[in-house]
Amino acid sequence: MPKYYEDKEEDDRACAGVREDFKACLLQHDCVVKEGKKPSECLKEGHCKALQTSFFECKRSMLDTRSRFRGRKGY
């Protein structure tokens, strides 16, 4: 579920909820916090894989012509 804050700006871009959760997952992961690695390095190690897949599916559904009828995937 996306995390919403009262003092935050509204993001109207596509896949904003998945993007926000994916970003939060990476930045709060032990790989980044404790080990001091870059988020891109942690992605290569396979952290937050489910959210990465969800974000990819959401972005891919924007290009899919069938999404006109089904709607975008994600939240």
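**Exercise 1. Find where R60 and E57 lie in the chain, and work out how their side chains meet.**

Step 1. R60 and E57 both belong to helix α4 and stand 3 residues apart, about one turn of the helix, where helices (H or I, at least four residues) are DSSP runs numbered from the N terminus. An α-helix has 3.6 residues a turn, so residues three or four places apart point the same way.

Step 2. The two side chains form a salt bridge, with the closest N and O atoms of R60 and E57 3.0 Å apart; the term requires a side-chain nitrogen of Lys or Arg within 4 Å of a carboxyl oxygen of Asp or Glu.

Step 3. R60 is partly exposed at a relative accessible area of 43%, and E57 is partly exposed at 22% (buried means under 20% relative accessible area, exposed over 50%, partly exposed in between, with a 1.4 Å probe and protein chains only).

This is a predicted model, in which local features need pLDDT of at least 70 and side-chain atom pairs count only at pLDDT 80 or more, while totals for chains, interfaces and linings use all residues. Residues are numbered from 1 along each chain as its sequence is written, and side-chain values use heavy atoms, with hydrogens and water left out.

**Exercise 2. Classify the aromatic pair of F22 and F55, and locate its two rings.**

Step 1. Rings of Phe, Tyr and Trp (its six-membered ring) pair if their centres lie within 6.5 Å, and planes under 30 degrees apart count as stacked, over 60 as edge-to-face and the rest as tilted. The count by this rule is 1 aromatic pair.

Step 2. The ring centres of F22 and F55 are 6.1 Å apart and their planes meet at 25°, so the pair is stacked.

Step 3. The pair links distant parts of the chain, since F22 sits in helix α1 (residues 16–28) and F55 in helix α4 (residues 49–63), 33 residues apart.

Step 4. Both F22 and F55 are buried.
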